[in-house]
Structures are given as structure tokens and as C-alpha cells.
Amino acid sequence: MSWFKRKTKGITTTTDEKKDTPKGLWYKSPTGKIVDTEELEQNFYVSPEDGYHVRIGSKEYFEILFDDNTFKELDADLTSKDPLKFVDTKKYPDRLKAAQEKTHLKDAVRTAVGKSKGKDLVIACMDFSFIGGSMGSVVGEKIARAANYSLKNKIPLMVISKSGGARMMEAALSLMQMAKTSVKLAQLADASIPYISLCTDPTTGGTTASFAMLGDINISEPGALIGFAGPRIVRDTTGKELPEGFQTAEFLLEHGFLDFITHRKDLKNKVNLYIDLITNQPLRA
């Protein structure tokens, strides 16, 4: 009966002996599925219960795409300035410093070169955790430099977009990155160097209006939000009700804006298969 009744009345466990469940052991997907975080990581950060692709950043994408997670980071220390002396609820330099301390990133994109299935690949991957993945002058400059590296060394380029759009704290300077990156990608096209664009959740604003939709092949992950303006703005501008699933990857695929949607576990194989096909090289196993 002692299993059901206390032999000693009152709580006998001291406070310092109590054990708390460590944070981060479980992940709850938007559909309510509970997944062990270790299992989630082993499944390419995709919920095995419902196939939901959890938002991840450059660290995880580099792990997935580069052989043995081995790569050389390009322009790692490039950081933004504050030419406009912008202030909203806080000064822009203070916001940058806070984001850098919180994320351990310098800005919203990291670029690197390494082997993927045994061949060189340059990857520029955006991080949504850094000020919403916003595109400022550093993002545009690093993508442009990554394209230059691809051009100089004749290596395919892949850009992984995950962004809320242009960075308002840099105003017109952020919008100028649309033209800068587009020109560099056009130079890659002229040199017949493959450029693959992967749109992940979310890919919006000026990012969508520039490099995210300029790939030789444009691909996405399942369920990703992809668009320019938000649904409310589109509805108010057009005066029409939007169809169901508007701005999802599946809707864009159906209407010809994407070439295909791929599960994250197949991403590395499919990207390299495309590169082999377009460069007329033997297919890698």
C-alpha cells in the first residue's frame, strides 16, 4: 500500500535534489506532433510524424549539403555599418550587436565552399534568426562575392533563401542589393555556371523579387511560404479573394514558379543530380 500512500507525511525531497526536465528535449510541430529532438536531427530536422520541415539555419544546411560538414567559410567577418544613422525603438548598431550576440552570427547570410558528393559547390545560406533574415548591404555583398568566387573558379553556386525581405534599417541601400545580386547571377549564366536557388520557409519581399527566383532551377521544401507582399496587401491591391494555399510552395509549383519540391533528406542528391545533368557529367551515385 505504500505505493499508493505516503509513509511519511509532507514532501521529503529537498529543493536542491529536485530534477527538472532539460529544455529542448522535445519539439512540437505546428500540427501538434511531439518529436524527440535527437530523432528530429537524425531525420534532417523534419518531423517524422507529419513531414513538417522545421526552420533551420546555415549551420544545419551546411551539415546536410557539405561532405563530412567540411567547408571553408567565405568573407566570415563582413559586418554592416550605419550610414543612415537609423533609429527605431533602438539604434541600428545596437540592434546589430544584440542580434550578433544572440545568434553568434555576423549577419543574415553565411557563404562557404566545400565538397558536396565529391565535387566543389559554393553555398550562400540565409539565417532567419538574424533580424528576420533581412537583406541588407552585407547580404547582397556576400552573395555577390560568392558569385564572383563561383565565376573565378568555375564552381556551381547554390543560394538558400530564408528571409522576410529587405532590411528597413538600410532603406534604399538594401533595395540596391536586388540589382547587385541579379547582375552577378547574370554573369554566372553568361559563363554557363549553374546556379541553384532553394526557397525555404519563408522567402518573401525583395529576396523573392531578386536572387531567389533567378535560379537556372528554382526549388523549394514542402509547405514553404514564398511570395513578395503579404496576403493582406495582395488582397487589398487586387480587390480579389485569394485562392486556398496561396503563396505555398505547392501552389507555386502548380503555377510554374518552381521546378520541383524536395524533401530535405533528398536535397543533397537532387541538387548534385541536376548539376551533373546540366554540366553533362557522369551521374554520381
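Helices, of at least four residues, and strands, of at least two, are taken here as DSSP runs numbered from the N terminus.

**Figure 1. Overview of the predicted chain.** In this predicted model, the chain carries 9 helices and 9 strands. The C-alpha trace spans about 80 × 55 × 45 Å along its principal axes, and buried residues account for 42% of the 285 residues in the chain. Of the contacts between residues at least 6 apart in sequence, 66% join residues that are at least 24 apart.

**Figure 2. Helix H2 and the elements that cover it.** Helix H2 comprises residues 58-65 and is mostly covered, with 6 of its 8 residues buried. The buried positions are Ser 58, Glu 60, Tyr 61, Phe 62, Ile 64 and Leu 65. The cover over these buried residues includes strand S3 (71-74), strand S4 (109-116), strand S5 (119-126), strand S6 (157-163) and strand S7 (195-203), and it also includes helix H9 (267-278).

**Figure 3. Polar contacts of Ser 58.** Ser 58, which lies in helix H2, has a relative accessible area of 1% and is therefore buried. Its side chain is joined to that of Arg 110 by a polar contact of 3.1 Å, and a polar contact of 2.7 Å joins the side chains of Ser 58 and Asp 127. When residues up to four places away in sequence are not counted, Ser 58 touches Leu 105, Arg 110, Cys 125, Met 126 and Asp 127.

Figure 4. Leaving aside neighbours within four places in sequence, Leu 105 is in contact with Ser 58, Gln 100, Arg 110, Asp 127, Ser 129 and Phe 130.

Figure 5. The structure holds 0 disulfides. The closest cysteine sulfur to that of Cys 125 belongs to Cys 199 and is 12 Å away, which is too far for a bond, since a disulfide is counted here for a pair of cysteine sulfur atoms within 2.5 Å. Cys 199 is likewise in no disulfide, and its nearest cysteine sulfur is that of Cys 125. Cys 125 is buried, with a relative accessible area of 0%, and Cys 199 counts as buried at 0% relative accessibility.

**Figure 6. Packing of helix H4 against helix H5.** The axes of helix H4 (residues 137-153) and helix H5 (residues 171-190) come within 9 Å and cross at roughly 10 degrees. H4 and H5 are therefore roughly parallel to each other, because angles under 35 degrees count as roughly parallel. On the H4 side, the contact is made by Ser 137, Gly 140, Glu 141, Ile 143, Ala 144, Ala 147, Asn 148, Ser 150 and Leu 151, while H5 contributes Gln 177, Lys 180, Thr 181, Lys 184, Gln 187 and Leu 188. By class, the residues of this contact divide into 5 nonpolar, 7 polar and 3 charged.

**Figure 7. Ser 210 between helix H6 and strand S8.** Ser 210 is placed in the loop between helix H6 (205-208) and strand S8 (217-220), where it counts as buried at 1% relative accessibility. The side chain of Ser 210 reaches the backbone oxygen of Gly 206 at 2.7 Å. Apart from residues up to four places away in sequence, which are not counted, Ser 210 touches Met 135, Met 178, Thr 181 and Ser 182. Thr 181 is also among the residues through which H5 makes its contact with H4.

**Figure 8. Gln 42 at helix H1 and its separation from Lys 265.** Gln 42 is found in helix H1 (residues 37-42), and with a relative accessible area of 60% this residue is exposed. Gln 42 and Lys 265 are 223 residues apart in sequence, yet their C-alpha atoms are 9.9 Å apart in space.

Terms used
Residues are numbered from 1 along each chain as its sequence is written. This is a predicted model: local features need pLDDT of at least 70, side-chain atom pairs count only at pLDDT 80 or more; totals for chains, interfaces and linings use all residues. Side-chain values use heavy atoms; hydrogens and water are left out. Buried means under 20% relative accessible area, exposed over 50%, partly exposed in between (1.4 Å probe, protein chains only). Axes are lines fitted to C-alpha atoms, for helices over the stretch in contact, and angles run from 0 to 180 degrees between N-to-C directions. Angles under 35 degrees count as roughly parallel, over 145 as roughly antiparallel, 65 to 115 as roughly perpendicular and the rest as oblique. Contact means heavy atoms within 4.5 Å. Ala, Val, Leu, Ile, Met, Phe, Trp, Tyr, Cys and Pro count as nonpolar, Asp, Glu, Lys and Arg as charged, and the others, Gly among them, as polar. A polar contact is a pair of N or O atoms within 3.5 Å; within protein, one must be able to donate a hydrogen and the other to accept it, and residues adjacent in sequence count only if both atoms are side-chain atoms.
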